[in-house]
Amino acid sequence: MSVPDYMQCAEDHQTLLVVVQPVGIVSEENFFRIYKRISSVSQISVRDSQRVLYIRYRHHYPPENNEWGDFQTHRKVVGLITITDCFSAKDWPQTFEKFHVQKEIYGSTLYDSRLFVFGLQGEITEQPRTDVAFYPNYEDCEAVEKRIEDFIESLFIVLESKRLDRATDKSGDKIPLLCVPFEKKDFVGLDTDSRHYKKRCQGRMRKHVGDLCLQAGMLQDSLVHYHMSVELLRSVNDFLWLGAALEGLCSASVICHYPGGTGGKTGARRFQGSSLPAEAANRHRPGAQEVLIDPGALTTNGINPDTSAEIGRAKNCLSPEDIIDKYKEAISYYSKYKNAGVIELEACVKAVRVLAIQKRSMDASEFLQNAVYINLRQLSEEEKIQRYSILSELYELIGFHRKSAFFKRVAAMQCVAPSISEPGWRACYKLLLETLPGYSLSLDPKDFSRGTHRGWAAVQMRLLHELVYASRRMGNPALSVRHLSFLLQTMLDFLSDQEKKDVTQSLENYTCKCPGTMELLTLPGGPTLPPVPFTKLPIVRRVKLLNLPASLRPQKMKSLLGQNVSTKSPFIYSPIIAHNRGEERNKKIDFQWVQGDVCEVQLMVYNPMPFELRVENMGLLTSGVDFESLPAALSLPAESGLYPVTLVGVPQTTGMITVNGYHTTVFGVFSDCLLDNLPGVKTSGSTVEVIPALPRLQISTSLPRSAHSLQPSSGDEISTNVSVQLYNGEAQQLVIQLENIGTEPLETLEVTSRLLTTKDGISVSGFPLCSPFRQVVRPRVESKPVNAPEGGKPGDPSHMKTLEAILNFKYSGGPGHAEGYYRNLSLGLHVEAEPSVFFTRVTTLPATSTRQCHLLLDIFNSTEHELTVSARGNEELILHAGECQRMAIQVDKFSFESFPESPGEKGQLTNPKQLEEERQEARGLEIDSKLDVHWRIPSLKRTGEASVEGLLSQLVLEHLQLAPLQWDVLVDGQPCDCEAAACRVGDPVRLEVRLTNQSLRSVGPFALTVAPFQDHQNGVHNYDLHDAVSFVGSSTFYLDAVQPSGQSACLGALLFLYTGDFFLHIHFHQDSASKELPPSWFCLPSVHVRALDAQA
Amino acid sequence: MAVCVAVIAKENYPLYIRSAPTESELKFHYMVHTSLDVVDEKISAMGKALVDQRELYLGLLYPTEDYKVYGYVTNSKVKFVMVVDSSNTALRDNEIRSMFRKLHNSYTDVMCNPFYNPGDRIQSSGSDAAEPGFPVITTWIPTCEKRMGEQARARTLPSWFPAYAQAFDSMVTSMMIQVC
């Protein structure tokens, strides 16, 4: 006997072996259909008794195993069922003959046999035969099961008779010696009359009867027989049979303890396959087992109604512990005989199954270890595979998953051993797949994405390599690519640099024929292989949706009040921010994207490979909005640090868009990497609103752009900057051209300007674009010149100054306008003002007229060029570099009172100091406009103006200002100032002094004295003119108090007695009233009177 | 004495494995890996014993034709597995036991080092080209699993970096050298 039945279990000892075989040509399908029906009848209750008969069906059984039937009766073929096709009556005799031939094979042991004929109809079928049954076809054969039952009953009758025959065979007759095939020659010439020999015969026969009892369903009897047999055989050292008797004892005890069975199934077995451990586990419900494990326990009494059996069991049945001991003993006896290898192997397997039920894995593994080393003979490759597979299954059964996987893998390797002419790559692959759980390897990359790596990387990698190779040899490149991708993705941390290179090299070789996809691959066995996205090639660390550039950023018109107020919280401000990680990823971002505009997402990526990584076709995966992704290709250097990659796309519709991930092509494998599955990725939100399209303006200026950015405090984000360098007082024209490069028409445009406070803290006014204006512009290209003179008027002109201003273009149009969005384009202006000319000192000199004065300007040329300065009506003054000259300009006095005086109107908030500054400034401006001082640098052809602003002292201003008390002296009714008034000698001359009060208060009363004098033009003033000039009336005038804007006059007369030039000096009497007022208010014109001859 | 020494984490992945005949390293990987079945079984069998009474030494896990596999488990479920040539019959159980104890002490030293992250592989940074049984003089450091996104790890170690794994490795070497 050389073919072991690895499926054997202890319960098989109580079964009757029936072989079912086809005769002639019967299709496999039909045969197995009938076989299945036949094998469903595996258990028969014998009529009139509680005994149960178990049948084991085989469709194939080596006849040499049959020869061991005396040793263990369950190995004996006792029944034969033959299935045949027969369609015509003339074939019938031939068919029947074949049946007989078939019977011959197992003839020596058969109790009974049956022939099932399918297809034959006619009179032959009418004849009543017990051993032949006719069926018209394979569908129409309801009676098969009934036939089998009858057949089994007939088997039982034979069995029972044999049992009774042997059991009662105790008379003085010689008991025949039962023996196994290889023993036959050993007993030749032995003394058959010795006691020893007789005992041996008895022992063996007892054992045989025990077997028969067991088969016939008489468990207790069999136990008794086995016990007796063990006694007998032990005394004669008949080890082989002693082993068999012990094993029989074990089998009977197992059947007694574990009625659920140990082999997984007692009835319908699978055709060739293996027992299912899972099914076995189901059959043995833990509860039932607990009770049965301890047969001596009193608790069992209540369970089994047959108390006699209980007593018997307690007496003869082995305890679970003993079963294992006896198995061990039996196996040790078997091992003494090389020819009993199969018996030993099968006993090991049976013991393992029992131990598995007892959950004694360690003991079981010892039996298995023993089984591994049993050398039967030179096994064929197929048998080796079978043996390794069964070892794997048994290890699985006892919970040794790793060991199981190991043997399964060995079996897989055996399938493609070099000695096999046609390697079974398919079988190899299938077996390798089954080893995956044992190596705690799942082919779903998601299981690897979180937490640390599980399992033993070295062996897992090996297995994956084998899967790759097997699938390639199987001719399924898609599977190889998938496995190789998986290897690269999940084992990256464990691959050496060289291995990384090798794996990618072979992956590229595979993918050039069969690119890797994101589809599920269906394995031959049915399960599917999930796709493997390369989330580590490259590794993505951060995903950030980028706002549009400042100039394209949409802004919402603030039409609705309280729109900015968050409705989430009743508090206006709360320092507590809910940190919810889950929300963080999905939270909406507070900026918007615009339909039709290129939007960007920035990824920080990192290449873990020791070589340059080429990533092709890298684009965004989005949902919610139609999105046209514009894929990019990138090449990352070896072991790069974090590397920013910007992925772009254009949203085609509006709504909420969510960036779910990105796709790549690396080494020819397409990957869709979803952010949700990426560990350690930081995002600041992935959902953003896409608003309807807006027009897009492009700005160009007549001056070149500059990289110079405005001071950070400016607040607005400036898209374009213009920088210009000017001399103080110089003007510059700037032409700004706006072009709509978008697809939407421009409907509104609003221009505003804003000056930024300079660093010196001095604000500059006079920027002309102060008033916003609104213009509707045609949709297409539009140019618009804007004059923007730079009014640089620094307070301290001695050093370079910087001025900054922003021009804002607020525009909208298209569907975005309808939704209330606009865009803001800002132009930053940066002016650096260099000093040109400035006034080092400003002084005044009174002019001849009280209404005028001389302004003396000390002008300094701070440039490095020669320049000319001119004022209104004056000549040009040439100044060399660094030169300072005085310029005198005669100016009319100013009446500043007409200037903004009303602090109440302008704004209450301005403090008095500011107000004063403002007033000063306004005065300066007026003076400037009157003076109109210009400079020109001929060498540079640049011109500008100069300003006195900020230089005017209070004194100078007072001098320049018209006094609020306006004094007029009228001689003969003619106002007299500068010019000499003429009069006749001897005629009294009327003199009128008139006061107009333009101040805000009443003044006076005043007393004035007129003193005439003659100027000798040599510095001598002669006041002693009593004889030359006579007053008509008093020489002293009195003026009453004058109310604001009131007028008062006093009259007198003079009489000139001689011709000559006389001057009148009018002076005030010193009194308290006049002291309060500034002296410049009492500036009366000096009166020049020329007295002429009376005749003239 | 030992032909293979392995330290296995609580989660059953190798922290350290070294075998004397380096050419058949994978064989020992399989051998140690399958021995975990027995280790698991033994641990679950003694699961109910009191912690302080528990015997850490698991004894012979299983014999193969050429080797014997012994096991040892710490209270934190870190396993030590040692493969011994079965021809070496002079080796007594007590000697195996003391070897494991030495291994345990060395491992404790590694764990005590603040620069070692529990769970990291105890791995060589240098070449593995040491002759079998020849004392390895390279500096052994735990290569922290490269954190994603980090700049390429520093290749050179500062001079003060404690070579704690060296002690562990030379201890393993001393266990292996005696048989070769």
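**Close-up views of a predicted two-chain model**

**View 1. An open sheet in chain A.** Five strands of chain A form an open sheet with mixed pairing, in the order E14-E16-E12-E9-E19. Its edge strands are E14 (627–630) and E19 (682–683), each pairing on one side only. Strands here are DSSP runs of E, at least two residues long, and helices are runs of H or I of at least four residues; both are numbered from the N terminus. Two strands pair if DSSP finds at least two bridges between them. Within the sheet, E9 (residues 539–545) and E12 (residues 599–606) of chain A are antiparallel partners over 6 bridges. Leu545(A) has Val601(A) as its bridge partner in E12(A).

The model is predicted: local features need pLDDT of at least 70, side-chain atom pairs count only at pLDDT 80 or more, and totals for chains, interfaces and linings use all residues. Residues are numbered from 1 along each chain as its sequence is written, chains are lettered from A and ligands numbered from 1 in the order in which they are written, and side-chain values use heavy atoms, with hydrogens and water left out.

**View 2. A parallel pair in chain A.** Strand E38 (residues 980–984) and strand E46 (residues 1087–1092) of chain A run parallel, joined over 5 bridges. Arg984(A) stands opposite Leu1092(A) in E46(A). Arg984(A) belongs to the uncovered face of E38, along with Ala980(A) and Ala982(A). Ala981(A) and Cys983(A) make up the covered face.

**View 3. Nonpolar cores.** A nonpolar core is a set of buried Ala, Val, Leu, Ile, Met, Phe, Trp, Tyr and Cys residues joined through side-chain atoms within 4.5 Å. Buried means under 20% relative accessible area, exposed over 50%, and partly exposed in between (1.4 Å probe, protein chains only). The largest core has 196 residues. Leu488(A), Trp593(A), Phe667(A) and Phe809(A) have the most contacts inside it. Contact means heavy atoms within 4.5 Å. Beyond its neighbours within four places in sequence, Phe809(A) is in contact with residues including Ile699(A), Ile736(A), Leu738(A), Glu750(A) and Arg823(A). A second, separate core holds 34 residues, among them Leu16(A), Tyr35(A), Ile55(A) and Tyr111(A).

**View 4. The loop at His60(A).** His60(A) lies between strand E3 (52–58) and helix H2 (63–66) of chain A. His60(A) counts as exposed because its relative accessibility is 56%. Val19(A) is 41 residues away from His60(A) in sequence, yet their C-alpha atoms are 6.8 Å apart.

**View 5. The interface of chains A and B.** Contacts link 30 residues of chain B with 29 residues of chain A. Together the two chains bury about 2,900 Å², 59% of it on carbon and sulfur atoms. This buried area is the accessible area (1.4 Å probe) that two parts lose on being put together, summed over both. The interface has 2 salt bridges. A salt bridge places a side-chain nitrogen of Lys or Arg within 4 Å of a carboxyl oxygen of Asp or Glu. Asp40(B) and Arg402(A) form one, at 3.1 Å from N to O.

View 6. Chain B has 3 helices and 7 strands. From the N terminus, its elements run β-β-α-β-β-β-α-β-β-α. Of its 180 residues, 48% are buried. Chain A has 26 helices and 46 strands. Buried residues make up 51% of the 1096 residues in chain A.
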